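Please examine the sequence and the three-dimensional structure shown here before reading the briefing.

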Amino acid sequence: MADSNDSKTCVSMECSREEALQRLPEEARQIRIEILKMLHQSSSGHTGGSLSATDLLTTLFFTELRHRAEDPGWEGRDRFVLSKGHAAPLYYAVLCRFGYIHADELCSLRKVNCMLQGHPDSKSTPGVEISTGSLGQGLSIANGMALGLRLNENNARTYVLMGDGEVQEGMIWEAAMTAAHYKIDNLCAMLDRNGLQIDGTVEEVMNIEPLADKWKAFGWHVINIDGHRFEQILDAFKTAKEVKGKPTIIIAKTIKGKGVSIFENKVKYHGIAPNDQELEQALKELGHKKL
Amino acid sequence: MTEKKSVRGQYGETLALLGEKYKDIVVLDADLSGSTKTKVFAKKFPDRFFNMGVSEQDMIGTAAGLAAAGKIPFASTFAIFATGRAWEPIRQSIAYSKLNVKIVASHGGITVGEDGGSHQSIEDIALMRVLPNMTVIVPADATEMHKVLETVVAHKGPVYVRSSRIEFPVLYDDAYTFTIGKGDVLREGTDATIVACGFMVSQALAAGDLLAQRGIRPRIINMSTIKPVDAALLVEAARETGGIVTVEEHSIIGGLGSAVAEVVSEECHVPVKRIGVQDRFGISGKPNELLECFGLTPGDIERAVLEVLDKKE
């Protein structure tokens, strides 16, 4: 690959903090629109948890992650694992924005023999590092990737996005021990703390608090942020890179269904796609003209 | 007296040897490195060994991540914990993503002995065999274990290899060639066929000696690759010998016997008798006592062959 292309494809760090803060809200808005259109087309999929993590993932891909869409297997790329695999529409919208997936593919979500499986499948979709969907496994995978990179003396970093209901899985806490034990500091975990899961509020279904104290007790550096404030997200990523000798987790307080009033904080929209009327209203709220 | 050698011991030795040639090999264990023998590798390559503690699921997930980063992870613990406790992470994070992870588990079968039913894995072959993309291998002796490891390290994709606690008689010398998906005819014969894997290959050979005294010559096949099973060899044996006995130290449900019956019932109709652990859990006892208790002795195999001969058309 010619060096002249690198500046375009090596996305991260290409713009200043000020430029990023100007650009990110619009990028996130566009991605939310794509998510909703995609879900509406398939009449199936997870609305709430895709929208809650949109600002986090948009910021990650636009400002933080070193990656090359035209060379998804580039050795120097930072790794990203979507442990909460049901937020696949968000992942696909972001990958599409960078050209990993052609825009025409988005309407094939969840359809027979399509590139975009209901949950991320690394064999089907360029840019998807590893297949996920069964909750609780992504942190172990991310640990393994980070350890592998460290052994290879590759300075790439590993990022993983978990859901808050997901940390009810015991395997997460096995992995939490491992990351601290092996001082995996080339790892940054993100926790989408939207407070809802499919059966109700996280607090009602199975309380996970005190969440920050748990991660601290497991030996992690914990950063609490508002997951919809871009300056806080940017700062958290910056700090995470500076923390040495221990893993970092960003606990991002978010709103499930963020950006569309009829979906916000509604348990029902965990796993339901918008119908015609809901899409119309959603797009209106997001300032998008009709389909 | 026949020379005996530990198959899991061979795993430790060979792994440490392969570690020199393959710099990408990394090894994970779940607090049983002394028993699985990965400790040999750990001592030689401490930076490439990860003791994950008593957490099999995390071990498997971490192995998946290491494979995704280009490493060749070998993950080891007892067979029941590796395949049972961590089955779903193996399914989701290794088999579904088709990642290059080798799961090499010791303590398969009832010859685990005194630890009892909780630790005797009689389901692992079934659990691994059902997974798409998974290769399943049960070596018959230490030499074959060595050859299997040399082969699977260069094979891209998920592999499950089962070994045992007890020592096995040495059946092969260094001239033996192992190929994934190929069974090995150890003894020619046309009266019936005995298909076995792991330690039960030795028991099958002993049964062959007993049958020879009766003038009966069974063909004896070491079917070390259970998936993909050597269908051509099985169909040929079924057609030429007219009856099959399968022998395994595993439940008769879902293991070698099932794999053989699936092929034979679709291709040619000959009687198939499955010797293995009947639909029950293991118990404590000495390995030899348990082999008798569970009907896995050469005499039991001999009787099964006679039964099959009766049923032959």
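Predicted model: local features only at pLDDT ≥ 70, side-chain atom pairs only at ≥ 80, totals over all residues.

Residues are numbered from 1 along each chain as its sequence is written, chains are lettered from A and ligands numbered from 1 in the order in which they are written, and side-chain values use heavy atoms, with hydrogens and water left out.

**The interface of chain A and chain B**

- On chain A, 22 residues are in contact with 28 residues of chain B, where contact means heavy atoms within 4.5 Å.
- The size of an interface is often given as the accessible area lost when the parts come together.
- Between chain A and chain B, about 2,000 Å² is buried, and carbon and sulfur atoms give 56% of this area; buried area is the accessible area (1.4 Å probe) that two parts lose on being put together, summed over both.
- The rule does find 11 residue pairs in polar contact, both residues being at pLDDT 80 or more. A polar contact is a pair of N or O atoms within 3.5 Å; within protein, one must be able to donate a hydrogen and the other to accept it, and residues adjacent in sequence count only if both atoms are side-chain atoms.
- Two or more residues of the side of chain A that touches chain B come from each of α6 (138–151) and α7 (170–181) of chain A; helices are DSSP runs (H or I, at least four residues), numbered from the N terminus.
- The largest share of that side, 9 residues, is given by α6(A).

**Aromatic rings**

- Over all chains, the structure holds 15 aromatic pairs. Rings of Phe, Tyr and Trp (its six-membered ring) pair if their centres lie within 6.5 Å; planes under 30 degrees apart count as stacked, over 60 as edge-to-face and the rest as tilted.
- F62(A) and F98(A) form a tilted pair, with 4.6 Å from centre to centre and 45° between the planes.
- This pair links distant parts of the chain, 36 residues apart: F62(A) lies in helix α4 (residues 54–64) of chain A, and F98(A) in the loop between α5 (88–97) and α6 of chain A.
- F62(A) is buried at 4% relative accessible area, and F98(A) is buried at 17%; buried means under 20% relative accessible area, exposed over 50%, and partly exposed in between (1.4 Å probe, protein chains only).
- The pair of Y172(B) and Y176(B) is stacked because the ring centres are 3.7 Å apart and the planes lie at 25°.
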